[in-house]
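Hi,

Here is the model I said I would pass on.

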Amino acid sequence: MEGRLNMKLRFLHILGIICIFYSLTCLNILNDGNCEVPKANYQAAILMEPETKQILFEKDAHKNWPPASLAKMMLILIIIEKVDAGEIKLTDSVNVSADASRIGGSQVYLKQGEIFPLEEMMKAVAIVSANDACHAVAEHVSGSVEGFVE
């Protein structure tokens with residue numbers, strides 16, 4: 001149990017460091033101390049001040065996109081929490097649905113009807129950033145992606 005807690009804490013620390021570094025880099029604060037709109041080749045973005053919830057910058061913030069890495073990291077964190085709580089096991093069998101097999105984007109090309117242990121699916125999410133595995137895991141845990149998000 002202590003090993004899982006340490007793994008969860010390491011994950012949260014790494015996630016925090018990535019978010020802070022990415023935020024500072026995107027705002028160009030690390031380069032010259034000025035805060036300016038990112039001059040990167042991006043298709044969508046949103047930046048919100050967490051306490052006031054004021055939107056500081058946005059571009060196509062409501063456009064639908066395949067799951068981003070941060071969403072995948074949140075899925076990983078939630079799965080770790082559910083495993084720690086005993087709600088699920090890494091040995092659970094995850095069935096691939098038709099929806100998961102057609103998700104597109106970064107994937108491991110899962111086929112409808114395939115069955116993999118949750119641990120293998122989580123490796124695909126973490127290492128390959130596989131949208132199809134992410135979709136299948138969300139369906140496995142909550143019955144649907146929408147249910148998982150809630």
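**Salt bridges and surroundings**

Lys123 has a relative accessible area of 39%, so it counts as partly exposed (buried is under 20%, exposed over 50%, and partly exposed in between, with a 1.4 Å probe and protein chains only). Before I go on, some housekeeping: this is a predicted model, where local features need pLDDT of at least 70 and side-chain atom pairs count only at pLDDT 80 or more, while totals for chains, interfaces and linings use all residues. Residues are numbered from 1 along each chain as its sequence is written, and side-chain values use heavy atoms, with hydrogens and water left out.

Back to Lys123: it forms a salt bridge with Glu120, with the closest N and O atoms 3.5 Å apart (the rule is a side-chain nitrogen of Lys or Arg within 4 Å of a carboxyl oxygen of Asp or Glu). Both residues sit in helix H5 (residues 118-128), three residues apart, or about one turn of the helix. Helices here are DSSP runs of H or I with at least four residues, strands are runs of E with at least two, and numbering starts at the N terminus. Glu120 is partly exposed too, at 38% relative accessibility.

The count comes to three salt bridges. Another one joins Glu87 to Lys82 at 3.1 Å, N to O; Glu87 is exposed at 53%, whereas Lys82 is partly exposed at 22%. Arg102 and Asp99 also pair, with their closest N and O atoms 3.1 Å apart. Here Arg102 is exposed at 59% and Asp99 partly exposed at 43%.

A polar atom of the Lys72 side chain does lie 2.6 Å from the backbone oxygen of Ser129.

**The hairpin**

Strands S1 and S2 (residues 55-59) run antiparallel and are joined by four bridges; pairing takes at least two DSSP bridges. Leu47 stands opposite Phe57 in S2. Six residues lie between the strands of this hairpin, and Lys53 takes a positive phi near 65°. Met48 belongs to S1 (residues 45-48) and is partly exposed, at 43% relative accessibility.

Cheers

Terms used. A polar contact is a pair of N or O atoms within 3.5 Å; within protein, one must be able to donate a hydrogen and the other to accept it, and residues adjacent in sequence count only if both atoms are side-chain atoms.
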